[in-house]
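This briefing goes through one protein model, taking its charged contacts, overall fold, pocket and surface in turn. Please keep the sequence and the structure in view while reading.

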Amino acid sequence: MRKAGPSGSRFRDEFRLFARFLARPRLAPRAPGRCAAHSNSWQADWMPAVPWRRLLQWAAFLWFVNMVFLGPIAFMAAGAGGAQHRLDLTNIPWLQAVLWAPVVEELVFRYGLRRPGRALWLLPVAAVAMLAGPRWSTVALVAAVVLLCWHIESRPFSLGRAVRQLSWHQRRAYQAWFPWVFHASCLLFAAIHLHNFSLHGTPYWLMPLLVLPQWLTGLALGWMRVRRGIGASMLLHGLFNSGPLLIVWIVLHTVPQLAT
């Protein structure tokens, strides 16, 4: 496999780093070329120079593992517990899956991984928007949050500096707790997707199996956020969501009787 991307690393090399990261999550190192002290760090965070080939490689990995291993486990758990997925195959929510969910869910579950100080006010606002769903008011709210984040990041010596920075002792404490914070965010991300199911009295012990694919996806998205920035995790999130929905759409338009 040839080298890909500005970092010069192959996907299998990056995957090894990912596996080591899961065993011991840390805030460093970032991908080559990213620097927290850079004057344009907001550009590096929101508009990362990650090649589409690398995003496709990560998406393909997630699609493969989820379809071949974790998906069948979730399917059997749903059958055993009587749970049914809420997705209406005749009305696939493309915009919500490809645009809204990647932006809002990344703000809720992963933006604060590298911005813990700002998460104190951003996370509740983004969570309200996520739970309320896409509508004009929540779209405007999320847009305002994103613009405020950009404003704070692009003015390192403004009032926003006090908003985004922790004290030295707070940073040390956060770094010590970061592995717990990271894995807790992945578990919460998976748990919120139980809302995708009508559980019908599904036993509690089966519920984690229903969202194993989302748990693995959360691990990869968290790695992407920490390593390459929030923009990269949003792009991968949207790309990942689009794949299975596109397959369902193609199947239903070639074999429409499956929808009945």
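## Salt bridges, fold, pocket and surface

A salt bridge joins the side chains of R115 and D45, with N and O 3.5 Å apart. This pair connects distant parts of the chain, since R115 sits in the loop between α5 (111–114) and α6 while D45 belongs to helix α2 (residues 41–46), a separation of 70 residues. The model is a predicted one, and the points below are grouped by topic.

**Salt bridges**

- The structure holds seven salt bridges, among them the pair of R115 and D45.
- R115 counts as buried because its relative accessibility is 9%, under the 20% cut-off, and D45, at 0% relative accessibility, is likewise counted as buried.
- E14 and R54 form another salt bridge through their side chains, with an N to O distance of 2.5 Å.
- Because E14 lies in helix α1 (residues 11–23) and R54 in helix α3, this pair ties together parts of the chain that are 40 residues apart in sequence.
- Both partners are buried, E14 with a relative accessible area of 1% and R54 with a relative accessible area of 0%.
- R10 makes a salt bridge with D13, in which the closest N and O atoms are 3.0 Å apart.
- R10 is partly exposed, with a relative accessible area of 26%, and D13 also counts as partly exposed, at 23% relative accessibility.
- R10 and D13 belong, together with R16, to a network of linked salt bridges.

**Overall fold**

- The secondary structure of the protein chain consists of twelve helices and two strands.
- Read from the N terminus, the order of these elements is α-α-α-β-α-α-α-α-α-α-β-α-α-α.
- The protein chain has 260 residues, and buried residues account for 43% of them.
- M130, a residue of helix α6, counts as buried because its relative accessibility of 16% falls under the 20% cut-off.
- The C-alpha atom of M130 is separated by 9.6 Å from that of V103, a residue 27 positions away along the chain.

**The largest pocket**

- The volume of the largest pocket is about 1,700 Å³.
- Its lining is made up of 45 residues, and those that lie nearest the centre of the pocket are H85, L87, H193, N196 and Q214.
- By residue type, the lining of the largest pocket divides into 28 nonpolar, 14 polar and three charged residues.
- The elements that each supply at least two residues of this lining are α3, β1 (84–85), α4 (94–109), α6 (116–132), α9 (168–192), α11 (212–228) and α12.
- Helix α3 gives the largest share of the lining of the largest pocket, with nine residues.

- F64, M67, V68, F69, I247 and V251 make a nonpolar surface patch of about 560 Å².
- Two or more residues of the nonpolar patch come from each of the elements α3 (52–81) and α12 (230–254).
- The largest share of the nonpolar patch, four residues, is supplied by α3, the helix that also gives the largest share of the lining of the largest pocket.
- M67, one of the residues of the patch, is found in helix α3.
- M67 counts as exposed because its relative accessible area of 54% is over the 50% cut-off.

- Most residues other than glycine have a negative phi.
- H200, although not a glycine, has a positive phi of about 50 degrees.
- H200 is placed in the loop between β2 (197–198) and α10 (207–210).

Key: Residues numbered from 1 in each chain as written. Predicted model: local features only at pLDDT ≥ 70, side-chain atom pairs only at ≥ 80, totals over all residues. Heavy atoms only, no water. Patch = residues over 30% accessible without salt bridge, like charges linked within 9 Å, V, L, I, M, F, W, Y side chains within 5 Å. Areas by Shrake-Rupley, 256 points an atom, 1.4 Å probe, with all protein chains shown as cover. Salt bridge = Lys/Arg side-chain N within 4 Å of Asp/Glu carboxyl O. Buried < 20%, exposed > 50% of the residue type's maximum accessible area, 1.4 Å probe, protein only. 1 Å grid on protein atoms, 1.4 Å probe; cavity = no way out; pocket = protein on both sides within 12 Å on 5 of 7 lines; lining within 4 Å. Points joined across faces, edges and corners; volume = space filled by probe spheres on them. Nonpolar A, V, L, I, M, F, W, Y, C, P; charged D, E, K, R; others polar.
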